[in-house]
Amino acid sequence: QEQLVESGGGLVQPGGSLRLSCAASGFTLDYYAISWFRQAPGKEREGVSCISSNDGSTVYADSVKGRFTISMDNAKNTVYLEMNSLKPEDTAVYYCAALWNKGYPVVSVPTLDDEYDYWGQGTQVTVSS
């Protein structure tokens, strides 16, 4: 079964850190762009970050630049999102998604205008004291 599975969410205090994982199974992430999106209650899903599986290029939304780091372990077929200096406004369900992009570099923050091939089920991140 081809799927993406997120993990690593939880409750953290402001200023804390979390690392999310997105593991692919049933297919390889080669030649995909893998993105993280998030959706807060009552808000639209927004793109957070993206990485190209082939050249490692990355992009970040302005709201997370300097605090979040996206990375990939090709051997484990897994993408990570390291989140530091977390703020209450980072509270959301975080989703990973994979888009076949032929291995091209990523150059823009992901949006829902792109037709992603796979989506994970989401993992809740809550930043609260």
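A disulfide is a pair of cysteine sulfur atoms within 2.5 Å. The close-up views below are taken from a predicted model.

**View 1. The disulfide between Cys22 and Cys96.** By the rule given above, the count comes to one disulfide. The bond joins Cys22 to Cys96, with an S to S distance of 2.1 Å. Because the torsion about the S-S bond of Cys22 and Cys96 is about 70°, this disulfide is right-handed. Cys22 belongs to strand β3 and Cys96 to strand β9, so the pair ties together parts that are 74 residues apart in sequence. Cys22 counts as buried, at 0% relative accessibility, and Cys96 is likewise buried, with a relative accessible area of 0%. Cys50, by contrast, is in no disulfide. The nearest cysteine sulfur to Cys50 is that of Cys22, 11 Å away. Cys50 counts as buried because its relative accessibility is 4%, and buried means under 20%.

View 2. With a relative accessibility of 0%, Ser35 counts as buried. Its side chain is joined to that of Tyr116 by a polar contact of 2.7 Å. If neighbours within four places in sequence are left aside, the residues in contact with Ser35 are Ser49, Cys50, Tyr95, Cys96, Ala97, Pro110 and Tyr116.

**View 3. An open sheet of four strands.** The strands stand in the order β1-β3-β8-β7, and their pairing is antiparallel. β1 (3-7) and β7 (68-73) each have a single partner strand, so one side of each is left without a neighbour in the sheet. From one strand to the next, the twist averages 15°. Five bridges link β1 to strand β3 (residues 18-25) in the antiparallel sense. Within this pairing, Ser21 in β3 is the bridge partner of Ser7.

**View 4. The hairpin of β7 and β8.** β7 pairs with strand β8 (residues 78-83) in the antiparallel sense over six bridges. Thr69 stands opposite Glu82 in β8. Four residues lie between the two strands of the hairpin, and Asn77 takes a positive phi near 55°. The two faces of β7 may be compared in this view. Phe68, Ile70 and Met72 form its covered face, whereas Thr69, Ser71 and Asp73 form the uncovered one.

**View 5. The largest nonpolar core.** In soluble globular proteins, nonpolar side chains tend to be buried together. The largest nonpolar core of this model has 31 residues. The members that touch the most other members are Leu4, Leu29, Trp36, Val79, Leu81, Met83 and Tyr94. Two or more residues of this core are given by each of β3, β4, β5 (46-52), β7, β8, β9 (92-100) and β11 (123-127).

**View 6. The contacts of Leu29, a member of the largest nonpolar core.** Neighbours of Leu29 within four places in sequence are left aside here. The residues then in contact with Leu29 are Leu4, Ala24, Ile34, Ser53, Met72, Asn77, Thr78, Val79 and Ala98. Among them, Leu4 and Val79 also belong to the core members that touch the most other members.

Conventions:
Residues are numbered from 1 along each chain as its sequence is written. This is a predicted model: local features need pLDDT of at least 70, side-chain atom pairs count only at pLDDT 80 or more; totals for chains, interfaces and linings use all residues. Side-chain values use heavy atoms; hydrogens and water are left out. Two strands pair if DSSP finds at least two bridges between them. Axes are lines fitted to C-alpha atoms, for helices over the stretch in contact, and angles run from 0 to 180 degrees between N-to-C directions. Buried means under 20% relative accessible area, exposed over 50%, partly exposed in between (1.4 Å probe, protein chains only). A polar contact is a pair of N or O atoms within 3.5 Å; within protein, one must be able to donate a hydrogen and the other to accept it, and residues adjacent in sequence count only if both atoms are side-chain atoms. Contact means heavy atoms within 4.5 Å. A nonpolar core is a set of buried Ala, Val, Leu, Ile, Met, Phe, Trp, Tyr and Cys residues joined through side-chain atoms within 4.5 Å.
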